[in-house]
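These are my notebook entries from going through one model, element by element. I wrote down what I looked up and what the coordinates gave back.

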Amino acid sequence: MRKLFLLFSSAVLAFSTANAQDHGLSQPYIPETDKAVLQKLDEWQDWKFGMIIHWGAYSQWGVVESWSICPEDEGWTQRNPYGIPYYDYLKKYEALSTTFNPTKFDPSKWAKAAKGAGMEYVVFTTKHHDGFCMWDTKQTDYSIAGPNSAFRNDPRKNVAKEVFSAFQKEGIHTGAYFSKPDWHSEYYWWSYFPPKDRHVNYDVVKYKDRWNNFREFTYKQIEELMTTMGKIEILWLDGGWVRARKQDNKKENDITAAEIDTRPTKQNEDIDMAGITKMARSHQPGLIVVDRAVHGPFENYRTPEQQIPDKPLSYPWETCMTMANSWSYVPDDKYKSVNKLIHNLVDIVAKGGNYLLNVGPGPDGQLHEEAYTTMTAIGEWMKINGDAIYGTRSVAPYKDGKVCFTRKKNGNIYAIYLLEEGEKLPAQVVFNGLKPAKGAKVTVLGAKEKISWKATATGTQLTIPAAVQQKAWKHAVAIQISAAE
């Protein structure tokens with residue numbers, strides 16, 4: 001048995017939430033009770049690093065996924081050319097489904113690149129808000145395999161199945177992204193009424209049968225994904241505005257003037273998450289369900305988007321972030337530096353989270369070349385330093401200056417020094433808030449030399465030998481601190 005480390009200020013990390021703008025992360029988290037799901041969540045927290053893939057017919061235009069057809073978001077997803085009438089634009093947008101022909105689609109190449117980068121799981125967009133399905137669904141013709149699709153006769157037309165199979169073959173865990181709203185469905189955006197915003201565009205109480213049809217449509221599509229895609233371990237649901245809400249069922253003539261400003265402004269878009277979850281887990285036992293931004297029993301972990309919480313969180317979480325600037329394909333997209341991505345990974349893992357990094361394939365089915373070179377570089381770093389990432393948990397003080405800390409379940413601790421571009425590993429690494437137990441062995445991952453250390457008044461000082469300093473370190477250096485046997 002290894003001796004425990006001595007931690008200054010507290011032996012137990014005091015968790016805190018991020019700022020109030022962080023997707024409601026300060027809202028109470030409802031823990032899962034299903035033992036199989038709890039086991040899967042614990043495994044998922046060991047994976048640490050994954051890939052999310054946004055892909056659809058919209059990639060042909062290089063525009064943001066779905067949102068340009070939503071009237072409420074004209075400010076940041078302006079229709080092109082500017083001023084084109086809405087329904088003219090919608091017709092052109094939906095016609096993309098007939099010309100989308102990704103003849104160079106090769107998911108095995110994506111999967112091998114992800115494996116090489118050290119990614120342990122993938123989340124693939126089976127359907128975004130525009131309703132275009134990336135699998136051979138039986139519920140609608142609006143799909144990559146539908147009768148009007150240019151790709152319908154290709155043996156790879158069941159794209160989501162091809163993606164999941166390729167990643168599963170590489171030993172990578174698979175998760176299905178699925179949009180709860182469907183802006184193509186007559187059961188959600190009924191063509192009898194114009195859409196006003198992202199929500200259902202008709203009265204779900206007055207047209208109850210239509211809403212029930214949408215519930216059934218959603219249920220059947222998710223059931224297809226749970227029964228035809230092999231082992232699915234995460235159901236990643238987007239479109240958190242589709243949720244159950246308490247409603248005021250008073251008739252309009254019975255509402256008093258004082259009540260007008262306090263009535264709910266959104267409808268009860270209840271799709272029966274309890275029933276969907278029960279069905280999905282009957283086919284995929286232990287399935288993690290992520291009903292994003294709906295803080296309740298079906299949000300097994302939380303997903304801050306494009307940001308990293310300031311502090312560790314007291315529940316499972318994952319930062320989803322773009323590798324470049326956009327979620328979907330943009331021809332000349334600008335990629336984040338490898339240094340930035342690795343620093344993000346270390347920061348997130350030190351705070352107890354997972355990092356889900358997005359790529360957007362182009363209309364031909366290929367990724368930007370920079371996506372591959374970026375993943376290769378991340379993989380080179382992970383081959384040396386992965387032991388400080390996988391299977392770790394947060395440990396106080398989680399970060400001090402340029403040093404982040406992670407902890408293995410066996411008690412080993414890693415101090416990960418973040419290098420700036422071109423910076424060399426310094427002769428001394430000093431950090432506060434933590435010191436090894438007497439007799440601890442300190443080594444740098446990727447080097448054989450032992451590192452000497454001494455306790456300071458508030459922490460630890462490590463002395464790095466010249467032979468270790470002179471190695472061609474990049475991005476970050478992981479220092480393992482293990483107690484004496």
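Entry 1, a residue on a helix. I looked up isoleucine 384 and found it partly exposed, because its relative accessible area is 42% and the class lies between buried, under 20%, and exposed, over 50%, with a 1.4 Å probe and protein chains only. I placed isoleucine 384 in helix α8, where helices are DSSP runs of H or I with at least four residues, strands are runs of E with at least two, and both are numbered from the N terminus. Leaving out residues up to four places away in sequence, I saw that isoleucine 384 touches Leu445 and Gly446, contact meaning heavy atoms within 4.5 Å. I also noted that alanine 476 is 92 residues from isoleucine 384 in sequence, yet 11 Å from it in space, C-alpha to C-alpha.

I am working with a predicted model, in which local features need pLDDT of at least 70 and side-chain atom pairs count only at pLDDT 80 or more, while totals for chains, interfaces and linings use all residues. Residues are numbered from 1 along each chain as its sequence is written, and side-chain values use heavy atoms, with hydrogens and water left out.

I traced an open sheet of 7 strands in the order β6-β5-β4-β3-β2-β8-β7, with parallel pairing; two strands count as paired if DSSP finds at least two bridges between them. Its edge strands are β6 and β7 (318-322), each of which pairs on one side only. From one strand to the next the twist averages 20 degrees, with axes taken as lines fitted to C-alpha atoms, for helices over the stretch in contact, and angles running from 0 to 180 degrees between N-to-C directions. At the β7 side, I counted 5 bridges in the parallel pairing of β7 with β8 (residues 354-359), where asparagine 354 of β8 is the bridge partner of glutamate 318. I then saw that α7 packs on the sheet, touching β2 (49-53), β7 and β8, and that its direction makes about 150 degrees with that of β8.

Why is β5 largely enclosed by the rest of the structure? I found that 5 of the 5 residues of β5 (residues 234-238) are buried, so the strand is largely enclosed. Both of its faces are covered, with Ile234, Trp236 and Asp238 buried on one side and Leu235 and Leu237 buried on the other. On one flank, β4 (residues 173-179) pairs with β5 in the parallel sense over 5 bridges, and tyrosine 177 stands opposite tryptophan 236. I followed the chain from β4 through helix α5 (residues 208-228) to β5 and noted a right-handed β-α-β crossover, the term for a path from the first strand over the helix to the second that runs clockwise with the strands pointing away from the viewer. The pairing of β5 with β6 (residues 288-291) is also parallel, over 4 bridges, and here tryptophan 236 has valine 290 as its bridge partner.

I listed the buried residues of α6 (residues 273-283) as Met273, Ile276, Thr277, Met279, Ala280 and Arg281. What covers these buried residues includes α1 (35-47), α5, β5 and β6.

For α7 (residues 338-350) and α8 (residues 369-385), I noted axes 10 Å apart and an angle of about 50 degrees. The two are therefore oblique to each other, a class that holds whatever is not under 35 degrees (roughly parallel), over 145 (roughly antiparallel) or 65 to 115 (roughly perpendicular). Their crossing is right-handed, which is to say that the near helix is turned clockwise from the far one by less than a right angle, anticlockwise being left-handed. Val338, Leu341, Ile342, Leu345 and Val346 of α7 make the contact with Thr374, Ala377, Ile378, Trp381 and Met382 of α8.

For α3 (residues 107-117) and α4 (residues 159-169), the axes come within 8 Å and cross at roughly 40 degrees. This pair is therefore oblique, and α3 passes α4 in a right-handed crossing. I listed Pro107, Ser108, Trp110, Ala111 and Ala114 of α3 against Glu162, Val163, Ala166 and Phe167 of α4 as the contact.
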